[in-house]
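Open the model in your viewer and keep the selection tool to hand. The stops below can be taken in order.

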Amino acid sequence: MIDEAAVNNAEWCDAMCRAHGSPGAFRRHAWTNPRRTPLYYPDAVTLTADASVRDVLDGIDRDTPGASVKDSFACLDLSTEGFRPLFEARWITRPGWLPPTEVPVPADTSWRAVREPAELAAWALAWSGGDADEAALFRPELLADPATKVVAGYGADGRITGGAVLTDNWRVTGVSNLFAAEGTDPAEAWAGCLTLVDAGSPVVGYESGDDLAPALAVGFEELGPLQIWLAF
């Protein structure tokens, strides 16, 4: 399942890069991008446990500062190549056969897909905590990607209470960029976004630190580690 989670996540990274005009390339062992990727997005993602250092580094820009690699299986050592570990996280999955989560979605909150550029702009500002520069990461081109669904929870007053990005590749649905607004339980945000996942689809993602517990509370299970490396 980690293999499928890694491929799904790489597909989301590629969708974000395409929205910024710089798609990457999928090869057997890794997805790589020869141009520096958008903020917070890796330049390479390993797709198999036997991916080599050369599989990831030969396909990325090593000259421009800020190169990063997502080692999906936490088995590469890039320290001799001028990289340092940035953080480690855990892949998670929720089987498609599980019943709806027992964590309730508040009755006054409705979850739906974001359809219009103005809605996406509002979603991005909520995701970024009001940081306009970070919010600009989410461009309207994402709304035209058939595999990408940006979703949001709206309170009775129309305020965005939480959100996420769903990436569906017909094998699994990936959840990324999940957030809960101040005053909203993150587990409720997980429960809300899961209502918009196609019935029967296994759900995958990754979390770390304090963000892991709310996902486990709604039925996710840990799969294994991944590691992010950053050039120095």
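Predicted model: local features only at pLDDT ≥ 70, side-chain atom pairs only at ≥ 80, totals over all residues.

**Stop 1: the largest pocket**

Select Tyr40, Phe87, Trp127, Asn177 and Tyr206. Of the 32 residues that line the largest pocket, these lie nearest its centre. The space here comes to about 900 Å³.

Now colour the elements around this pocket. Those that give two or more residues to its lining are helix H1 (2-19), strands E4 (68-71), E5 (83-94) and E9 (173-180), helix H5 (186-194), and strands E10 (203-207) and E11 (221-231). Which element provides the largest share of the lining? Strand E9 does, with six residues.

Colour the lining by residue class as well. In the largest pocket, 21 lining residues are nonpolar, seven are polar and four are charged.

**Stop 2: the second largest pocket**

Next, select Arg94, Leu98, Pro99, Pro100 and Leu194. The second largest pocket has 18 lining residues, and these five are the closest to its centre. Its space amounts to about 270 Å³. By class, the lining of this second pocket splits into eleven nonpolar, five polar and two charged residues.

**Stop 3: Glu102**

Go to Glu102, which sits in the loop between E5 and strand E6 (110-113). Is this residue buried or exposed? Glu102 counts as exposed because its relative accessibility is 78%, and the cut-off for that class is over 50%.

Glu102 and Val218 are 116 residues apart along the chain, yet their C-alpha atoms are separated by 7.0 Å.

**Stop 4: the cavity**

How many cavities of 30 Å³ or more does a search of the whole structure find? The search finds one. The volume of the largest cavity is about 70 Å³.

Helix H1 supplies the largest share, four residues. The cavity lining is made up of six nonpolar and six polar residues, with no charged ones.

Key: Residues numbered from 1 in each chain as written. Heavy atoms only, no water. 1 Å grid on protein atoms, 1.4 Å probe; cavity = no way out; pocket = protein on both sides within 12 Å on 5 of 7 lines; lining within 4 Å. Points joined across faces, edges and corners; volume = space filled by probe spheres on them. Nonpolar A, V, L, I, M, F, W, Y, C, P; charged D, E, K, R; others polar. Buried < 20%, exposed > 50% of the residue type's maximum accessible area, 1.4 Å probe, protein only.
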